[in-house]
Amino acid sequence: MIDRRTIIDNHDDIDPGLQSLSDTAIMLETSQALTSIYPHLIKIKAHFGDPFDDFVEPFFFNFAYMTFSGKTGVIIKPTETHKYGFQLHRYQKINHIIARPKQFPVSIIQDGHQKKLTEKDLTDKELAFIQFGDTDNYLSGDNDQVNIYTVNFDYSELAITDRKSGLTFKDTETIWIKNDLLDYDFIAETYDQKEHKHFKHIYAD
């Protein structure tokens with residue numbers, strides 16, 4: 001965890017059994033759990049569109065964020081936390097997760113093209129986690145946008161943000177990186193309702 005809160009609000013119900021789990025381990029367990037659950041979602045026709053979103057958003061909060069809470073004692077409220085699968089204009093002043101490539105250069109997929117990302121490319125930048133997926137299937141979309149035989153959760157979709165402001169960059173697409181090439185950190189922030197009540201078209205550049 002990286003604590004960037006200006007107001008500290010903790011609970012006392014810390015689980016000692018979670019102390020050995022890194023943030024990265026918690027995130028990888030979450031992606032593996034989604035992989036295990038997805039065939040069951042197919043059977044009940046909840047594998048795409050609104051039914052999938054209605055399942056995965058609270059699942060991710062309870063599986064990942066509540067584990068972070070149990071590990072650290074940080075009080076994490078759904079209304080003050082980045083919602084799984086949603087893109088924000090700013091990834092500050094709200095609880096969220098960042099990812100860091102374990103080594104450079106790292107292979108990425110951006111706008112359907114495979115590229116290499118260097119350490120220099122991320123100077124003064126952070127990668128904010130959005131969701132797990134496979135770069136091809138759009139699980140929040142219609143049934144014809146999903147091939148159930150190729151769905152996996154082996155990649156992370158990430159927003160490139162300005163390290164100082166947390167803002168995204170204009171005309172910069174999100175990127176996908178394989179989960180096993182990343183380390184993850186839960187970022188605890190003091191929520192700013194004025195900042196996050198509405199999406200704003202403001203950018204770091």
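**Ground rules.** I number residues from 1 along each chain as its sequence is written, and side-chain values use heavy atoms, without hydrogens or water. As the model is predicted, local features need pLDDT of at least 70 and side-chain atom pairs pLDDT 80 or more, while totals for chains, interfaces and linings use all residues.

**Strand S2.** I looked up S2, residues 96-101; helices (H or I, at least four residues) and strands (E, at least two) are DSSP runs, numbered from the N terminus. Five of its six residues are buried, so S2 is largely enclosed by the rest of the structure. Buried means under 20% relative accessible area, exposed over 50%, and partly exposed in between, with a 1.4 Å probe and protein chains only.

I then checked its partners; strands pair if DSSP finds at least two bridges between them. S2 runs antiparallel to S8 (residues 182-188) over six bridges, and to S5 (residues 125-133) over two. Ile 98 has Asp 185 as bridge partner in S8 and Ala 128 in S5.

**Aromatic rings.** I found 15 aromatic pairs in the whole structure. Rings of Phe, Tyr and Trp (its six-membered ring) pair with centres within 6.5 Å; planes under 30 degrees apart are stacked, over 60 edge-to-face, the rest tilted.

Phe 55 and Phe 59 are stacked, at 5.4 Å and 20°. They are four residues apart in helix H2 (residues 49-72), about one helical turn. Phe 55 is partly exposed at 25%; Phe 59 is buried at 14%.

Phe 68 and Phe 186 are also stacked, at 5.1 Å and 10°. Phe 68 lies in H2 and Phe 186 in S8, so this pair ties together parts 118 residues apart in sequence.
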